[in-house]
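Here is a short briefing on one protein structure. Please keep the sequence and the model open while reading.

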Amino acid sequence: MIVKPKVRGFICTTAHPEGCKALVKSQIDYVKSNVHANGPKKVLVVGASMGYGLASRIVSAYSFGAATVGVIFDKQASGSRTASSGWYNTKAFEEFAKADGLYAKTVNGDAYSKEIKDQTIEIIKNDLGKVDMVIYSLAAPRRTTADGTVYSSVLKTVGEPYTNKTIDLKTKTVHDITVEPATDDEINATVKVMGGEDWQDWINALKAADAIEDNAVTVAYSYIGPDITHAIYADGSIGKAKDHLFQTAKNITAADDGIKAYISVNKALVTQSSAAIPIVPLYISILYKVMKENNVHEGCIEQMYRLLNEKLFKGEPVLDEEGRIRLDDLEMQDNIQSEVKKLWSEINTENLESCADLDGYNEDFYRLFGFGADGVDYEADVEI
Ligand code: NAD
């Protein structure tokens, strides 16, 4: 079948198997070409098929030679429907890992469920004994808890409505958007989905099964960003969930059984999750322009390479005064943020292309689904 992108709103409903494979390979090649610290050897990655989780898995395997167990929630191909890009990414990663003599197994199902936790832990017990690192990189719109309740997360403000610029990527126009405040129920639901409860559940389940080393390290990801985004992100409903995630890191470490938990504050990047947040995609496309012009732009793989090789496992972890890892250090530099702020105040539909790196944003968006990889013939028939 010849596979073309079909974009609906914030997602693309098709994915290109060969493109996904080529992009996984280029991430592997990036890691192979860099120097490596001495890191963990048996790594569980929850949310391993896309974005930061996939990059974390690749760095663990190719920097440290780690055996990796991934948990993903992805669709296989059926009939003329392609698989999801996370499915192709994972298949490609497993093939490359196998060829390179690296252990890699993946569990495909709802990471929030007890069933998937049990299946994953059984694989760890049988094949690896115990893990020495757990990377928690879930980004999900909803969670079903054990009693059958479905919680949906929202991307809203807390308290007051907030109006600012946003971009309509389809029509390439900039317009104002007002984001309404979340209700208390919506905030609680967002914390249930994106907070730390499930991370803690994973750690508890691994401990109960004796499937985690006493000196294991665990990390989950967060975002802070500049003032422009605070109302919708850091101070919004998702920010409440991230506060809970940070508190969970403290609780895991405070249990004092040797396991150390960290929050890594990562850079804003185009992923399937961030594309759905109002205001943020316009910020990201301006940020890309400024960071590229200043030669400090990074993607998921560069970020995760730096996290594991430079911030976490090169001697003692490098933390800020609140105990967080800061991979947003380059994004938040004063010179970068002052340029972004200036462009933000000027940007409108007419000057959009000159104030923002729209091409870079779009390129990254299509690449999420395997489109736009170098060396792939997108006119050729592929097995889906
Ligand atoms: P992503 O959408 O690229 O990846 C999310 C992963 O979670 C995918 O592998 C998906 O299959 C998996 N997943 C979703 N629901 C699942 C479920 N029920 N069971 C099993 N797997 C499931 O997201 P991302 O942007 O890489 O986000 C990962 C983390 O990084 C999130 O905590 C996010 O808040 C954080 N973060 C993202 C950014 C950004 O700009 N993208 C910045 C800082 C921090």
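This is a predicted model: local features need pLDDT of at least 70, side-chain atom pairs count only at pLDDT 80 or more; totals for chains, interfaces and linings use all residues.

A parallel open sheet of 7 strands is present. The second largest pocket has a volume of about 620 Å³. The structure holds 26 salt bridges, and the disulfide count is 0.

**Sheet**

- The strand order is β5-β4-β3-β6-β11-β12-β13, with parallel pairing in an open sheet.
- β5 (104-108) and β13 (325-326) stand at the edges; each has a single partner strand, so one side of each has no neighbour in the sheet.
- Strand β6 (residues 131-136) pairs with β11 in the parallel sense over 5 bridges.
- Two residue pairs can be picked out between these strands: Tyr136 has Ala220 in β11 as its bridge partner, and Val134 has Thr218 in β11.
- Strand β12 (residues 260-265) runs parallel to β11, and 6 bridges join the two.
- Here Val219 stands opposite Tyr262 in β12.

**Second largest pocket**

- Its volume is about 620 Å³.
- There are 26 lining residues, and Leu23, Gln27, Cys300, Asp364 and Arg367 are the closest to the pocket centre.
- Which helix gives the most to the lining of this pocket? α1 does, with 6 residues.
- Helices α1 (17-32), α2 (51-64), α9 (280-293), α10 (300-312) and α13 (358-367) each supply at least two lining residues.
- By residue class, the lining of the second largest pocket divides into 12 nonpolar, 9 polar and 5 charged.

**Salt bridges**

- Side chains of opposite charge can pair when their charged atoms come close.
- The total for the structure is 26 salt bridges.
- One of them joins the side chains of Glu379 and Lys4, at 2.8 Å from N to O.
- Glu379 lies in the segment after α13 and Lys4 in the segment before β1 (7-8), so this pair ties together parts that are 375 residues apart in sequence.
- Glu379 is exposed, at 53% relative accessibility.
- Lys4 is partly exposed, at 39% relative accessibility.
- A further salt bridge links Asp357 and Lys292, whose closest N and O atoms are 2.6 Å apart.
- Asp357 sits in the loop between α12 (352-355) and α13, while Lys292 sits in helix α9, so the pair ties together parts that are 65 residues apart in sequence.
- Asp357 is buried, at 16% relative accessibility.
- Lys292 is partly exposed, with a relative accessible area of 35%.
- Arg324 and Asp320 also form a salt bridge, with the closest N and O atoms 3.0 Å apart.
- Salt bridges with shared partners join Asp320, Glu322, Arg324, Arg326 and Asp328 into one network.
- Are Arg324 and Asp320 buried or exposed? Both Arg324 and Asp320 are buried.

**Cysteines**

- How many disulfides does the count give? The count comes to 0.
- The cut-off for a disulfide is a pair of cysteine sulfur atoms within 2.5 Å.
- Cys12 is buried, with a relative accessible area of 6%.
- Cys355 is buried too, at 5% relative accessibility.

**A residue in helix α7**

- Ile228 lies in helix α7 (residues 227-230).
- Ile228 is buried, at 11% relative accessibility.
- Where does Ile228 stand relative to Ser345 in sequence and in space? Ile228 and Ser345 are 117 residues apart in sequence and 10 Å apart in space, C-alpha to C-alpha.

Notes
Residues are numbered from 1 along each chain as its sequence is written. Side-chain values use heavy atoms; hydrogens and water are left out. On a 1 Å grid over the protein atoms alone, a cavity is a set of points where a 1.4 Å probe fits but cannot get out, and a pocket is an open set with protein on both sides within 12 Å along at least five of seven lines; lining residues have an atom within 4 Å of a point. Grid points are joined across faces, edges and corners, and a volume is the space filled by probe spheres set on the points. Helices (H or I, at least four residues) and strands (E, at least two) are DSSP runs, numbered from the N terminus. Ala, Val, Leu, Ile, Met, Phe, Trp, Tyr, Cys and Pro count as nonpolar, Asp, Glu, Lys and Arg as charged, and the others, Gly among them, as polar. A salt bridge is a side-chain nitrogen of Lys or Arg within 4 Å of a carboxyl oxygen of Asp or Glu. Buried means under 20% relative accessible area, exposed over 50%, partly exposed in between (1.4 Å probe, protein chains only). Two strands pair if DSSP finds at least two bridges between them.
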